[in-house]
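Please have a look at the structure first.

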Amino acid sequence: MNETGAAPIYERVALIGLGLIASSMAHAMRAGGLARHIAGHARSAGTRAVAAEIGLCDSIHETAAAAVAGADLVVLATPVGQMGAIAAEIAPHLAPGATLTDVGSVKRAVIDAVAPHVPAGVAFVPGHPIAGTEHSGPRSGFATLFRNRWWLLTPEPGTDPARIARLRALCEAMGAKVDMMEATHHDLVLAVTSHAPHLIAYTMVGVADDLGRVTDSEVINYSAAGFRDFTRIAASDPTMWRDVFLTNREATLEILGRFTEELFALQRAIRLGDGEHLHAYFTRTRAIRRGIIEAGQDTAAPDFGRGTGPGTEG
Ligand code: NAP
């Protein structure tokens, strides 16, 4: 029984990878009494030692295979490029009736890499919490990371509805709002809302660095929220983001192609002094911002309301 008097949703949850997302899940599951036992595994002894030191899980295992034994929920929470190999390693050790999920920022490539290894009797329900910060590692997690954020589930047709519903209940109990989405569509949506913007932030910070001025006090002092936000986003984990771009290649290239066209159009408008074009464009984009605030996905506060909150989700 947990604090609310309800039974845990899962008996044994195995977290493979113990970074920001997995550690936030561990805290949120603990806080809500949502799992009777949380087993954890990370690749390096150093990360496993930190997780043990802070008491993140009930048990820490040297191998992913040992962590998943007897688990009714297994969560892949590593960079997406690792997930196929981990699925191959754990497949023979998954309990019949278990649910396998992941939290990767890209969905189609993860399904292609993981699904072929999933044994009969195990349901694979891919997922993506749209919540994050620029911090990583087992110490970076916190129980409220998912509160009021979307958690997208992208199961293939034919997946057992009961096991999708159970995973959905866990995500909701951790505070998230859950939606279902087709995996390829997910990747296109996220290319627009997250992946391309991250690449633009990396580029902008790179440009400032090339100018040799990014660490100049005047750049930092006089930077409005725009550039400061870019530097925060561009501080996100390099391995995670390398894998996002390598695995969501098509959708990201599609969006960047469109972005480049629009950028050239604006560049041309500036060169030609076409104020009408610029004004009309900025009016359209302003309306989108208002829509985001009205939908409750951000606040109108200065600094984008992110003083302590989430911000750089992948
Ligand atoms: P993170 O903080 O960088 O942690 C990654 C973890 O994965 C580390 O514990 C690492 O262990 C472990 N790991 C890496 N390769 C492994 C392997 N082969 N076997 C076992 N463990 C391995 O990562 P994160 O930010 O939590 O991201 C995890 C996943 O969530 C990614 O797929 C990412 O796309 C997705 N996601 C991230 C965000 C975000 O904003 N950060 C948001 C939504 C979804 P070591 O330390 O031992 O290397």
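## A glycine, a ligand and a helix pair

Beyond its neighbours within four places in sequence, G137 is in contact (heavy atoms within 4.5 Å) with L18, G19, L20 and S23. The model is predicted: local features need pLDDT of at least 70, side-chain atom pairs count only at pLDDT 80 or more, and totals for chains, interfaces and linings use all residues. Residues are numbered from 1 along each chain as its sequence is written, and side-chain values use heavy atoms, with hydrogens and water left out.

G137 sits in the loop between β7 (127–129) and β8 (150–153), strands being DSSP runs of E with at least two residues, numbered from the N terminus. Its C-alpha atom is 9.1 Å from that of G17, 120 residues apart along the chain.

| Residue and atom | Distance to a ligand oxygen |
|---|---|
| R43, side-chain N or O | 2.9 Å |
| V103, backbone N or O | 3.4 Å |

The protein covers 90% of the 910 Å² of accessible area that the ligand has on its own (Shrake-Rupley method, 1.4 Å probe).

Now for the helices, which are DSSP runs of H or I with at least four residues. Helix α11 (residues 249–272) contributes E262, A265, L266, A269 and I270 to a contact with H277, L278, Y281 and R284 of α12. The residues of this contact comprise six nonpolar, one polar and two charged.

Terms used:
Nonpolar A, V, L, I, M, F, W, Y, C, P; charged D, E, K, R; others polar. Polar contact = N/O pair within 3.5 Å; in protein donor to acceptor, adjacent residues only side chain to side chain.
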